[in-house]
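Colleague: I have a few "how do you know" questions about this one. Can you walk me through the labels?

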Amino acid sequence: EVEPKVITKVPPKYPELARKANIEGIVYLDLLVDKEGKVREVQILKASGANAGFEEAAKEAVMQWIFSPAIQNDRPVAVWMTLPIKFEVK
């Protein structure tokens with residue numbers, strides 16, 4: 001059993017109003033990574049609670065990520081995984 005690993009990561013766009021207001025947050029996402037390592041589905045497991053647009057930005061970015069596929073019994077398989085996406089003002 002090998003977990004999927006991120007190969008290509010697209011950073012989420014920080015919502016402009018959140019940046020101006022110095023709002024930070026974490027969004028927890030459930031992702032379905034298919035046998036090719038593409039994200040097929042994204043569900044919000046836990047919202048940031050900031051009501052600042054983090055959830056949409058996180059989903060949009062993660063849909064573009066590429067993973068090495070999960071391996072089970074020496075074959076690629078589709079799996080669900082949980083991922084935290086942090087929004088920090090820098």
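Predicted model: local features only at pLDDT ≥ 70, side-chain atom pairs only at ≥ 80, totals over all residues.

Colleague: What makes β2 and β3 a pair of strands?

Modeller: Pairing takes at least two bridges. Six bridges join β2 (residues 25–33) to β3, so they count as paired, and they run antiparallel. Elsewhere along β3, Val42 stands opposite Leu31. The two strands form a hairpin with five residues between them, and Gly37 in the turn has a positive phi of about 90°.

Colleague: Which strands belong to the open sheet, and in what order?

Modeller: There are three, ordered β3-β2-β7, with antiparallel pairing. β3 (39–46) and β7 (79–87) are the edge strands, since each pairs on one side only. On average, neighbouring strands are turned by 30° against each other, direction ignored. Helix α2 (residues 54–62) packs on this sheet and touches β2, β3 and β7. The direction of α2 makes about 35° with that of β2.

Colleague: Why is the contact between Arg40 and Asp34 called a salt bridge?

Modeller: The cut-off is 4 Å between a side-chain nitrogen of Lys or Arg and a carboxyl oxygen of Asp or Glu. Here the closest N and O atoms are 2.6 Å apart, so the pair qualifies. The structure holds one salt bridge.

Colleague: Why is Asp34 called buried?

Modeller: Buried means under 20% relative accessible area; Asp34 has 8%, so it is buried.

Colleague: And why is Arg40 called partly exposed?

Modeller: Its relative accessible area is 48%. Exposed means over 50% and buried under 20%, so Arg40 falls in between.

Conventions:
Residues numbered from 1 in each chain as written. Heavy atoms only, no water. Helix = DSSP H or I, 4+ residues; strand = E, 2+ residues; numbered from the N terminus. Axes fitted to C-alpha atoms, helices over the stretch in contact; angles between N-to-C directions. Contact = heavy atoms within 4.5 Å. Buried < 20%, exposed > 50% of the residue type's maximum accessible area, 1.4 Å probe, protein only.
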